[in-house]
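Subject: Structure for your review

Dear colleague,

Please find below the structure that I am handing over to you. My findings are set out after it.

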Amino acid sequence: MREHLPAFLRHLADRSPRTAATYSAITEAFFAYVETNSAARSPTRADVEAFLARPRKDGGRRSAAGRNQELAALRAFGKFAISDLGWAASPIDGIAFLREPPRDPAVLTAPELRQIFTAAAEEPSAWRRSRNLALVAILSQAALRVHEVVALDLAQVDIPSATLVAVLGKGGTLHDLPLNAASLALVLEYITRRAEHAPANQPALFVSREGRLSVRAVQSIVAGLRKRVGSAKKISPHTFRHSAATLALTMGSDLSTVAELLRHSDLNTTRRYLHLVDERRREAVRRLAAAIPPELVPGPALPASDPAEVEANPKHGLDAQHDLDEAA
């Protein structure tokens with residue numbers, strides 16, 4: 001079966017390079033498992049189910065997400081085998097994905113995000129300081145995925161229009177993404193210092209002394225910033241994208257605008273962030289209770305919402321958490 005892997009990899013040419021490599025590696029691991037554990041001449045449904053149910057190397061149970069990714073890769077190979085290898089049926093057909101438990105993404109509040117910027121500014125090397133500040137700005141303000149950030153070229157920063165042009169997104173789509181004034185200023189400061197350390201023929205926007213900054217290098221930078229601020233949250237480069245979505249909704253942006261910012265093709269993908277800001281709406285409704293005379297409310301006495309107290313201390317709940325003004 002291994003001899004079909006090169007053809008399968010060519011079959012995946014329309015997928016992203018990362019997806020193609022992952023699917024190919026999973027399929028190769030499956031073939032190795034079948035060769036070791038099955039006497040069948042070709043994979044059976046029992047082989048597929050046993051492979052998906054195998055324990056991790058440490059003996060622990062595999063997560064639903066990991067199992068589903070492996071199943072997706074094997075489904076892709078099954079379709080390839082039917083179309084290109086002449087299989088009459090795929091042993092993967094009929095095996096269902098597991099429902100993953102709902103999990104809220106880690107998000108940063110506005111004060112926590114400011115702490116990250118402050119930590120980046122404490123880098124003693126002036127050019128690394130400017131690079132890391134620009135990196136955090138683009139991750140948190142333009143909501144790019146980490147692989148989109150490292151793929152950026154210097155020529156994609158259009159200064160007059162304050163825009164990142166032709167950003168390559170999922171599915172090979174291209175997008176022009178605006179930068180706010182603060183982000184543009186940090187990017188320009190970095191570009192000025194970048195010239196001192198990057199070769200003239202280096203097209204990449206974000207560089208290290210070895211060349212274009214890698215995904216792993218960005219992950220390492222973010223891990224260092226998390227350690228410096230002492231956050232207990234699991235902060236990764238993707239956390240900044242989640243944070244941009246949540247803060248934008250909290251500050252009053254409508255769902256469709258945030259979906260465009262994140263470049264979601266399905267509005268339901270963006271909708272999952274709404275429950276994270278539901279507390280703000282509940283707080284607004286709580287404040288309205290100040291207009292109802294409490295003595296007119298039947299039932300047990302309710303805690304009064306004193307209009308004077310609300311006026312004197314207008315920040316509650318999510319407002320205080322995110323350090324937002326009423327106008328936001």
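Predicted model: local features only at pLDDT ≥ 70, side-chain atom pairs only at ≥ 80, totals over all residues.

Nonpolar cores

The largest nonpolar core comprises 43 residues. Those with the most contacts inside this core are Leu-135, Ile-138, Leu-144, Leu-164, Phe-206, Val-218 and Phe-240. Two or more residues each come from α5, α6 (126-141), α7 (146-150), β2 (163-168), α8 (181-194), α9 (215-229) and α10 (237-250). Of these elements, α6 gives the most, with 8 residues. As general background, nonpolar side chains in soluble globular proteins tend to be buried together.

Neighbours within four places in sequence set aside, Ile-138 is in contact with Ala-143, Leu-144, Val-149, Leu-152, Leu-164, Leu-179, Val-187, Leu-205 and Phe-206. There is also a second, separate core of 21 residues, which includes Phe-51, Ala-73, Phe-80 and Ile-92.

The sheet

An open sheet is formed by 3 strands in the order β1-β2-β3, with antiparallel pairing. The edge positions are taken by β1 (157-158) and β3 (174-178); each has a single partner strand, so one side of each is left without a neighbour in the sheet. Between β2 and β3, which run antiparallel, there are 4 bridges. Within this part of the sheet, Leu-164 stands opposite Leu-177 in β3.

Salt bridges

The count of salt bridges comes to 8. Three of them are described here.

In the pair Glu-49 and Arg-45, the side chains meet at 3.1 Å, N to O. The two residues are 4 residues apart in helix α3 (residues 45-53), and therefore separated by about one helical turn. Glu-49 is partly exposed, with a relative accessible area of 38%, and Arg-45 also counts as partly exposed at 38% relative accessibility.

In the pair Arg-62 and Glu-70, the N to O distance is 3.8 Å. Here Arg-62 counts as partly exposed at 26% relative accessibility, whereas Glu-70 is buried, with a relative accessible area of 8%. This pair belongs to a network of salt bridges that links Arg-54, Arg-62 and Glu-70.

In the pair Asp-153 and Arg-212, the closest N and O atoms are 2.6 Å apart. Asp-153 is partly exposed, with a relative accessible area of 25%; Arg-212 counts as partly exposed at 34% relative accessibility.

A loop residue: Ala-106

Where does Ala-106 lie? Its place is in the loop between α4 (64-84) and α5 (110-121). Ala-106 is partly exposed, with a relative accessible area of 28%; it is therefore not counted as buried, a class that requires under 20%. Apart from neighbours within four places in sequence, Ala-106 is in contact with Lys-234, Thr-239 and His-242. The C-alpha atoms of Ala-106 and Ser-243 are separated by 7.8 Å, although these residues are 137 residues apart along the chain.

Yours sincerely

Notes: Residues numbered from 1 in each chain as written. Heavy atoms only, no water. Buried < 20%, exposed > 50% of the residue type's maximum accessible area, 1.4 Å probe, protein only. Contact = heavy atoms within 4.5 Å. Core = buried A, V, L, I, M, F, W, Y, C linked by side-chain atoms within 4.5 Å. Pairing = 2+ DSSP bridges. Salt bridge = Lys/Arg side-chain N within 4 Å of Asp/Glu carboxyl O.
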